[in-house]
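Here is a short report on one protein chain. Look at the model first, then read on.

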Amino acid sequence: MNFDDTLTGRSIGEYLRSHIRTVPDWPAPGVQFRDITPLLQDPKVFRVLIDAFVHRYMDRRPDVVAGLDARGFILGSVVAYELGLGFVPIRKKGKLPFTTVEETYELEYGNATVELHVDAVKPGQRVLLIDDLIATGGTMMAGKRLLEKLGGSVAEGAAIVDLPELGGSARLREHGLDVFTFVHFEGH
């Protein structure tokens, strides 16, 4: 595929942004939900998205890709496949059948816990951590901590969307995680 034909002079970020739906007042009044499902539904747009991730990480060569439950699974598994790497799912508590390590983190409305199989990452492996969106950064930080508990090194946290006003990407950087996103949306 020729990116020039697909993007028609726009940057990849602008192109992807034009395919993200904003749903006002969901899941609560005042929240502007950034819905990435239109990116996934259009095969041409999905290809541009995946190719952009693959081109970014082709030379950075992580050893494995980890995806955060649940949209990080969609992105991470395809990126891992395209890079010829293994994929590691970081799941919500109670979803993995084998022995796990867990990490609890704070949400705006309470706490949540994510888990990882104890044999998912080998000590010293460089991990690319992927999710769809960075808001407060809690989920990605929990994923980073889990991977580090197993001796992995998170090379970068990647997502399609950053909501910088919520401070997540800044918090992640303060804790030593390089962060990459294609699109920034102001507001919630």
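This is a predicted model: local features need pLDDT of at least 70, side-chain atom pairs count only at pLDDT 80 or more; totals for chains, interfaces and linings use all residues.

Residues are numbered from 1 along each chain as its sequence is written, and side-chain values use heavy atoms, without hydrogens and water.

**Overall form**

The protein chain has 188 residues and a radius of gyration of 16 Å, which agrees with the value near 16 Å for a compact globule of that length. This radius is taken over C-alpha atoms, and the globule rule is 2.2 Å times the number of residues to the power 0.38. Along the principal axes, the C-alpha atoms fill a box of roughly 45 × 40 × 30 Å. Buried residues (under 20% relative accessible area, 1.4 Å probe, protein chains only) make up 48% of the 188.

**Strands**

The protein chain holds 7 helices and 10 strands. These are DSSP runs, numbered from the N terminus: helices are H or I of at least four residues, strands E of at least two.

| Strand | Residues |
|---|---|
| β9 | 153-162 |
| β10 | 179-184 |

Strands β9 and β10 run parallel, joined by 5 bridges; pairing takes at least two DSSP bridges. D162 stands opposite H184 in β10. Strand β10 is mostly covered, with 5 of its 6 residues buried.

Definitions and conventions
Buried means under 20% relative accessible area, exposed over 50%, partly exposed in between (1.4 Å probe, protein chains only).
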